[in-house]
Amino acid sequence: ISVGDTQVRSRGSVGDLRLLEDVELVLEIHEPDAGFYADLLGVPGALTGSIDLEAAISPNRPGFRAEASGNLGGFDLALTGHVEQPLDLDGLEMEFHLAGPDLAVVGEILKGPGLPAGPFEVDGGLRRSGGTVVIRETALSAGGAELALDAEFARFPYPDGGTARVNLRGSDLGRFKRLLGLLPGVNQHPFEATATLTQGRGGEEHLEASIDVGANRLALDGMLGRYPEYAGSRFEVDLRGPEITDLGDLLGLTPPVTGPYRASGDLTWAGAVLGIERLAVSAGPIEVRGSGSLKNLPDLRGSSLSLDAAGSDLFAVGQWMGTDRLPHHPYSLSGRLAWREKGMVADGIKGRIGEAQIDASARVGDPRRLADVELDLKLKGPALDALLAEPLGVELDDSPFELSGKLRRPDTAIEVSDLGYRSANASVSIDGSLGVLPSFEGMNLVVGMQGPSLRATHPEISGYTAPDLSLIHI
């Protein structure tokens, strides 16, 4: 048979067409221009050269045996196997080989873009009996990576009652970032991923997996919920590494500290809600613990988290926020975060900076830009001088104090209202706008002060010392 330039030759016989038994067939296909079929598949230019395929089917009671091999536009294909019940593809056992010049082309043909470009080779075996599917000794090499897969599923495609072991390793994870949706920082990092699925004593599926990227490791261990929503899944998760700046490079972030880091916790999945328990994060002087639930991913509406943060040096947190004007004091902070229809609320905030105590609540209307922010703050301690003299580089009031007020950041400027400072030496009130930080452009403040001694409250600046005079009002 000739269709255009395509030539098809076949000969054979079928003893029982209804059951496809006693089948004997030889088939040859030749097409000088594979590009014609690439155009039909919607991937012009993906296939080059010719198509030359040979296939043979012979009786193998029950069922038949099949062999196929050849060249498909630059891709080498070989397949051997047999099937006992051809109409149901049951009692199937086969071995396959596929190799070619560009794995990305395979992704385009299968409508799965993102596979790495370059030569590849895959070999493996497949067996199906009833609902059981076994994938054995399957190996893929491509893009400088190697994938090994062995699996058995009793109710394919459902993972229930299945076992599997997968290992993927390579020298450059960046070659797979289009496929995995990874950030640019993964370039040129060696990686290895391993996952093992086994059946627990109660019939549940136990999944143990780990991913190593450079010296960073993410590991999880737990029970996989029922397919397809996987509701009821629960895992212990652990992320760690010797240097948090390496993790920052991977994620495209700049961490506030250096040195080893670790994040761990228990995760549960209820189909629409991700539960978090025993969350613990540590990096340098920063430690955070928490629990809660995340809903409506990724906008998090209805989610809530209770967090406790503590560290040995608040100055490091200030560096992360872009300032070196926070004190070298230990700190602790606890509170609850809740995501609303518009924005986020933080309430019940309590903490300490050195010996000073904090009570606060906040609302952030636009968390991504840190805009439309409202903060209600109360701070009291034994001395403002002990708290802020070092980072500000000036002498301050050394008597017990209380500071309270409200701050708003509707867009870029910071507005202050009912901000008051009270101590044995002074009483200060401030209202207005601080302008745009850090330049204070547009600052407009109304300040009121009174107290027994100007010298006790006014810092010594550039050698100037305020007189020891009673301060009535400014």
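Reply: The conversation below moves from the overall form to single residues; please note that this is a predicted model.

Me: Good. How many helices and strands does the protein have?
Reply: The secondary structure comprises seven helices and 27 strands.

Me: And what are its spans along the principal axes?
Reply: The C-alpha trace spans about 115 × 50 × 40 Å along those axes. The radius of gyration of the protein is 34 Å, whereas a compact globule of 474 residues would have one near 23 Å.

Me: What share of the residues is buried?
Reply: Buried residues account for 31% of the 474 residues. The accessible surface comes to about 27,200 Å², and 57% of that area belongs to carbon and sulfur atoms.

Me: Let us turn to charges. How many salt bridges are there?
Reply: The count comes to 19 salt bridges. One of them pairs Glu341 with Arg301, with the closest N and O atoms 3.9 Å apart.

Me: Why does that pair tie together separate parts of the chain?
Reply: Glu341 sits in the loop between β20 (331-339) and β21 (344-353), while Arg301 sits in the loop between β18 (286-295) and β19 (304-311), so the bridge ties together parts that are 40 residues apart in sequence.

Me: Is Glu341 buried or exposed?
Reply: Glu341 counts as exposed because its relative accessibility is 62%, above the 50% cut-off.

Me: Which residues form a network of salt bridges?
Reply: The network links Arg363, Asp372, Glu374, Arg408 and Glu415. Within this group, Glu374 forms a salt bridge with Arg408, where the closest N and O atoms are 3.7 Å apart. That pair links distant parts of the chain, with Glu374 in strand β23 (residues 371-381) and Arg408 in strand β24 (residues 401-409), 34 residues apart.

Me: What does Glu415 pair with?
Reply: Glu415 forms a salt bridge with Arg408, and here the closest N and O atoms are 2.8 Å apart. Arg408 therefore counts as partly exposed at a relative accessible area of 33%. Glu374 is partly exposed at 33%, and Glu415 is partly exposed at 31%.

Me: Now a helix. Which residues of α6 are buried?
Reply: In helix α6 (residues 384-392), the buried residues are Leu384, Leu387, Ala389 and Pro391. The elements that cover them include β21, β22 (356-366), β23, β24 and β25.

Me: What comes just after α6?
Reply: Gly393 follows there, and this residue takes a positive phi of about 75°.

Me: Changing topic: where is Asn425?
Reply: Asn425 lies in the loop between β25 (413-423) and β26. Asn425 counts as buried because its relative accessibility is 16%, and the cut-off for buried is under 20%.

Me: Which side chains does Asn425 make polar contacts with?
Reply: The side chain of Asn425 has a polar contact of 2.7 Å with that of Asp397. Another polar contact, of 3.3 Å, joins the side chains of Asn425 and Ser399.

Me: And Tyr158, where is that?
Reply: Tyr158 belongs to the loop between β10 (145-153) and β11 (163-170). With a relative accessible area of 34%, Tyr158 is partly exposed.

Me: What does Tyr158 touch, leaving out residues up to four places away in sequence?
Reply: On that basis, Tyr158 touches Phe153 and Tyr227. The C-alpha atoms of Tyr158 and Arg226 are separated by 8.5 Å, although these two residues are 68 residues apart along the chain.

Me: One last topic, the surface. Which residues make the nonpolar patch of about 280 Å²?
Reply: Leu437, Phe440 and Met443 make that nonpolar surface patch. Met443 is located in the loop between β26 (427-436) and β27 (444-450), and at 47% relative accessibility Met443 counts as partly exposed.

How values were computed:
Residues numbered from 1 in each chain as written. Predicted model: local features only at pLDDT ≥ 70, side-chain atom pairs only at ≥ 80, totals over all residues. Heavy atoms only, no water. Patch = residues over 30% accessible without salt bridge, like charges linked within 9 Å, V, L, I, M, F, W, Y side chains within 5 Å. Areas by Shrake-Rupley, 256 points an atom, 1.4 Å probe, with all protein chains shown as cover. Salt bridge = Lys/Arg side-chain N within 4 Å of Asp/Glu carboxyl O. Helix = DSSP H or I, 4+ residues; strand = E, 2+ residues; numbered from the N terminus. Buried < 20%, exposed > 50% of the residue type's maximum accessible area, 1.4 Å probe, protein only. Polar contact = N/O pair within 3.5 Å; in protein donor to acceptor, adjacent residues only side chain to side chain. Contact = heavy atoms within 4.5 Å. Rg over C-alpha atoms; globule rule 2.2 N^0.38 Å.
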